[in-house]
Amino acid sequence: MTTLRVRFGKCGKVRFTSHRDVARIWERALRRAEINVAYTQGFSPRPRVSFGLALATGHESQAEYLDVDLVDEPVGNHSVWAAELGERLDRVLPEGIDVLATTTVDRSTDSLQQAVESCTWSIEINGVDTIQATRWVEDLLSREEIVVERERKGRVVSEDVRPQVLALGVTGATEHGVRLLADLGTQPRALRPVELLAAIDPPLRARSVRRMHQWMTQGSERIEPLPADAAPGALAEVRA
Amino acid sequence: MSSLWSELEQVLDEVQKPARYIGGEDGMIVPAHHPDKAAWLLIYPDTYEVGLPNQGLQILYEILNERSDAVAERSYAPWTDMAKVLRDRGLPLFSVDTHRPAAEFDVLAFNLAAELLYTNLLECIDLAGVPVRTANRSPADPLVIVGGHCAYNPEPLADFIDAAVLGDGEEVVGEINQVLAAWKAAGRRDRHEVHLGLAAVPGVYVPSLYRVTFAGDRLAAVTPHDPGVPEVVEKRTVADLADWPYPRHQLVPLTEVVHDRLNVEVFRGCTRGCRFCQAGMITRPVRERPADQVRTMVADGLKRTGYDEVALTSLSTADFSGIDEVVASAMEDEGCGQISVSLPSLRVDAFTVGIAAQIQRARRTGLTFAPEAGTWRLRTVINKLITEDDLYSAVESAYSQGWARMKLYFLVGLPTETDEDTLGILELARRCVEIGRAYHRSPSVTVSVGGFVPKPFTPFQWFGQNTEAELRRKVGLLRDEARNLKGVRLKWHDPGASIIEGLLSRGDRRLGPVIEDVWSNGGVFQEWSEHFDPKLWTSALEQHGLSLEDQVYRHRAGDEPLPWDHLSAGLHRDFLWQDWRDALEGAGLEDCRWTPCYDCGACTGYGIEHVVASATPPAGGSQGTGQDLARGGEVAVRLLTRDTDRRTPARVGS
């Protein structure tokens, strides 16, 4: 059995589909691409596909991942074989969901959800200039704790998320506001960009949010589960 | 092209399930609008999840977009949160394909599958920025057309629609389009002119061209104003389904919808003759799709969509000639991995369970049967001729093959029903559980009960519906009795909703203001229990001097003019009346697919006939045929032709 890891983007109109919707889209795409997926054993067999961290409905991404177990062994050069599967998948995926890279991985590695420690987010906010935004960011970073209210098992709990704000900066102006870049921790629970914005006083509302990277640690290095050569230009274009 | 997307994307994170509004389905068409092409907005007036899978709408979407003189896009009723957002921001209803404002189309065409959707029709028209009343619309406003089963009595909607279309849409939609395209090319000036053009198309009814007269508080007649307009509008029927292998590219949504699977219609029409069933009466005759075409549509559809489930759709699907072979070939389809086949509508007999066993190899979750009534006597009244043996052998067969849960559907409030009949429901359920004990430790049977609603163009169209109190009393009887039955679970449909459904299904034009009041008081999504509000309806009725007693609960006399007498589903009124008298005497009627024609009118009136591939009824039970079918049923019928050519299947009957 082989495990294929796919890095894909989710941009444009399709960003309004849910994590669950995306899983179903992939299941159909794998069948349409006639890729021989391994199924779970048991009473009701399911295709062996695992997704990484969920992406909130409405957010874009150029760093989504899935691992899928295949019945077939790679033929010839592994990376050529994986790339060919990626092309087949890309052809049958809906507009806005694009395969960015593929590789075969060792099944013994940690699941994506366990391995990923942080994400880089690009956040656009309207109606704010860079000076004001920079002041907010500095204020936020100077705080010793950032308490957010979260619903957990039906109860509202307060949690300090300051340790998960790994980096935050204003990267520039947009047509109507500013763009922030944030590295936010995902363990033990992921800090979501909207939670961070809600902690700013007054709370900010994002015009758009895009996940740029997911990060894990290898030795002392921060690496991506699967690097993509470059964010494809297509991603920018599909934003209608 | 005008698109509202840039405005819409800014509000979509404020609403539930935003994927309802994005379109982008596989199979979606982005048409090029043009002054020479009539632009249709096909609307299903319920949520996207309910409306998207509708096959009728998808068929018309493809047929129209294939034409050089038409474009078609789709829309669905925005949920209440989205409707509020749209109104707050001054945004109109839009298509999901290109997010074009609804009012930029030439026609808003609604599929009406259920009466409780009527207020959503008004909601959609209003959100489009179009006056809800036809009389208030200008030539700049789009036309409003309705089709679907509710179009057989469109009188309650007469104030709001420009036209209603009766019957199969495949052919008539092109004829309507020619009228619309010509009207558009001429500058879309006069609405009366296009109304006359539409009324000249067979199958199209234009309410504003008819005068309604009353005698006291009873309807007297609906007659055309104009001598050129037909006195009776006849339904349209596609003679051969083989000519219409649609949808060719079933839409695959990005988000989860109901019936989220490939759907292939294997035949249309049903002549089992169940007297409560409007669908079985208005869609006659039976027209089977050739088995080869079914196989091709299944294989191509699975490959193209990536679905792992296909439903073979029709009424009573096991009646399809050679159903077992078609099911087997769908299951064996290569290159598609693990495929499951579902048959949403099944007869009650052991043969059917055999097919179900074949298709549910892996997951034996549950099996549903619909005996509809609790005693044989009442089943002869409704002509659902399932013997207790049929049911028990089906149930035994199911339990012995691994199912542990059954669901049984019943109606209460049927004509001539006594409490003995009502309680007979639980007797059947109890015996089913008992049969199951031989195979399982704790077998369970869910009894699902709905209140019977009389519908136009059925033998029960004259029947005074049970009152809400009576329906509640019957449900109460069942509830009390079911408490003592181990393994039996009872579920019931809200009797209040059945009453309003009944009000709308047989109403006349006096209901227009009632519907408008309910809608303007916020009564949308009445199909949804969380939104259904019976008080809105009863107070609007009172306001307009109407009563449930007169509109719903009253038996109609044989010579009383009915609001749909100027429309025709092909069925002779005297056939329906005779069938109603037969019902009251408990006389059954055979299925005319396999026995001689009794001239209901659906074939003879239109010069068409059944299209079925096999002249013998299916093996299994006795339902509907009155024959002993245990041997496969060699019933003497006259075969007109027998040819392997897919275009000339054996034609039986007439």
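In the predicted model, Glu527(B) is found in the loop that lies between helix H17 (512-520) and helix H18 (534-543) of chain B. This residue has 20 C-beta neighbours inside 10 Å and therefore counts as buried, since the cut-off for a buried residue is 20 or more such atoms. When neighbours within four places in sequence are left aside, the contacts of Glu527(B) are Asp46(B), Ala114(B), Leu116(B) and Leu117(B). A further pairing across the sequence is that of Glu527(B) with Tyr118(B): the two are 409 residues apart along the chain, yet their C-alpha atoms are separated by 9.7 Å.

Chain B contains 20 helices and 19 strands. Its C-alpha atoms fill a box of roughly 70 × 65 × 55 Å along the principal axes. Buried residues account for 54% of the 654 residues in chain B. Of the contacts in chain B between residues at least 6 apart in sequence, 77% join residues at least 24 apart.

Strand S4 of chain B, residues 143-147, illustrates the buried part of this chain. Five of its five residues are buried, so strand S4 of chain B is largely enclosed by the rest of the structure. Leu143(B), Ile145(B) and Gly147(B) point one way from S4(B), whereas Val144(B) and Val146(B) point the other way, and all are buried. Strand S3 (residues 107-111) of chain B runs parallel to S4(B) and is joined to it by five bridges. Within this pairing, Asn111(B) stands opposite Gly147(B).

Parallel pairing is also present in an open sheet of three strands in chain B, which has the order S10-S13-S14. Strand S10 (262-265) and strand S14 (340-342) of chain B are the edge strands, each pairing on one side only. From one strand to the next, the twist averages 25 degrees. Four bridges connect S10(B) with strand S13 (residues 309-313) of chain B in the parallel sense. Val264(B) has Leu312(B) in S13(B) as its bridge partner.

Chain A comprises six helices and eleven strands. Its radius of gyration is 19 Å, close to the 18 Å that the globule rule gives for 240 residues, so chain A is as compact as a globular protein of that length. The C-alpha trace of chain A spans about 55 × 40 × 35 Å along its principal axes. Of the 240 residues of this chain, 33% count as buried. Among contacts in chain A between residues at least 6 apart in sequence, those joining residues at least 24 apart make up 72%.

Two domains are assigned in chain A: domain 1 covers 2-113 and domain 2 covers 117-223. Their C-alpha centres lie 27 Å apart. Ten residues of domain 1 of chain A are in contact with ten residues of domain 2 of chain A. On the side of domain 1 that touches domain 2, five residues are nonpolar, four are polar and one is charged.

Strand S6 (residues 147-152) of chain A pairs with S7(A) in the antiparallel sense over six bridges. The bridge partner of Arg152(A) in S7(A) is Arg155(A). Strand S7 (residues 155-160) of chain A is hardly covered, as the count of buried residues among its six residues is zero.

The two chains are also in contact with each other. To this contact chain A contributes 20 residues and chain B contributes 22 residues. The side of chain A that touches chain B consists of seven nonpolar, five polar and eight charged residues.

Note on methods:
Residues are numbered from 1 along each chain as its sequence is written. Chains are lettered from A and ligands numbered from 1 in the order in which they are written. This is a predicted model: local features need pLDDT of at least 70, side-chain atom pairs count only at pLDDT 80 or more; totals for chains, interfaces and linings use all residues. Domain bounds come from an automatic or database domain assignment. Two residues are in contact if their C-beta atoms, placed from the backbone, lie within 7 Å. Ala, Val, Leu, Ile, Met, Phe, Trp, Tyr, Cys and Pro count as nonpolar, Asp, Glu, Lys and Arg as charged, and the others, Gly among them, as polar. Two strands pair if DSSP finds at least two bridges between them. Helices (H or I, at least four residues) and strands (E, at least two) are DSSP runs, numbered from the N terminus. Axes are lines fitted to C-alpha atoms, for helices over the stretch in contact, and angles run from 0 to 180 degrees between N-to-C directions. The radius of gyration is taken over C-alpha atoms; the globule rule is 2.2 Å times the number of residues to the power 0.38. A residue is buried if 20 or more other C-beta atoms lie within 10 Å of its own, exposed if 12 or fewer, and partly exposed in between; C-beta atoms are placed from the backbone.
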